[in-house]
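Colleague: I am new to reading protein models, and I would like to learn how to go through one feature at a time. Could we work through an example together?

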Amino acid sequence: QLWDVNQCKQLRSMDGHADRVGALSWNKHILSSGGRDNIIVNHDVRVARHNVATLSSHTQEVCGLSWSPDGLTLASGGNDN
């Protein structure tokens, strides 16, 4: 879920994972989430159809995500590494 904390209002409920999410990383308006379902989902939080990419290279839970400072590379860590 994405919330406006100043107004205590939910802005968006974001789906895309079949199991719990354990890792998040921001890159401007893109929120990347990694989960127990072995996938990474890139969400564009500006739009209603927020799922802009799904990455499925891991064979076990994604437990770490980090965008590079220039915003060009997303590093991920999983229990399969």
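Predicted model: local features only at pLDDT ≥ 70, side-chain atom pairs only at ≥ 80, totals over all residues.

Colleague: Let us begin with the strands: in which sense do β7 and β8 pair, and over how many bridges?

Modeller: The general idea is that in a regular strand the side chains alternate between the two faces of the sheet. In this structure, strand β7, residues 62-67, pairs with strand β8, residues 74-78, in the antiparallel sense over 5 bridges. If you look for a facing pair, you will find glycine 64 opposite glycine 77 in β8. The two strands form a hairpin with 6 residues between them, and glycine 71 in that turn has a positive phi of about 75°.

Colleague: How many residues join β5 to β6 in their hairpin?

Modeller: That hairpin runs through 6 residues, and its strands, β5 with residues 40-44 and β6 with residues 51-55, pair in the antiparallel sense over 4 bridges. Here asparagine 42 is the residue that stands opposite alanine 53 in β6.

Colleague: How would I read lysine 9 by comparison, and which residues does lysine 9 touch?

Modeller: Lysine 9 sits in strand β2, residues 9-12, and with a relative accessible area of 48% it is partly exposed. Not counting residues up to four places away in sequence, lysine 9 touches Leu2, Trp3 and Asp4.

Colleague: What should I look for in the backbone angles, and what is the phi of lysine 28?

Modeller: Most residues other than glycine have a negative phi, and most peptide bonds are trans. Lysine 28 is not a glycine, yet its phi is positive, at about 55°. You will find lysine 28 in the loop between β3 and β4, where it is exposed, with a relative accessible area of 73%. Cysteine 8, in the loop between β1 and β2, also has a positive phi, near 50°, in a residue other than glycine.

Colleague: Since you mention a cysteine, how many disulfides are there?

Modeller: A disulfide is a covalent bond between the sulfur atoms of two cysteines. In this model the count comes to 0 disulfides. As for accessibility, cysteine 8 counts as exposed at 65%, whereas cysteine 63 is partly exposed at 45%.

Colleague: Finally, how many residues line the largest pocket, and which lie nearest its centre?

Modeller: A pocket can be read by its volume, by its lining and by the elements that supply that lining. The largest pocket here has a volume of about 230 Å³, and 13 residues line it, with Gln1, Met14, Val21, Leu24 and His43 lying nearest its centre. By class, the lining has 6 nonpolar, 6 polar and 1 charged residues. Strands β3, residues 21-27, and β4, residues 30-35, each supply at least two residues of the lining, and the largest share, 3 residues, comes from β3.

How values were computed:
Residues numbered from 1 in each chain as written. Heavy atoms only, no water. Disulfide = S-S within 2.5 Å. Buried < 20%, exposed > 50% of the residue type's maximum accessible area, 1.4 Å probe, protein only. Contact = heavy atoms within 4.5 Å. 1 Å grid on protein atoms, 1.4 Å probe; cavity = no way out; pocket = protein on both sides within 12 Å on 5 of 7 lines; lining within 4 Å. Points joined across faces, edges and corners; volume = space filled by probe spheres on them. Nonpolar A, V, L, I, M, F, W, Y, C, P; charged D, E, K, R; others polar. Pairing = 2+ DSSP bridges.
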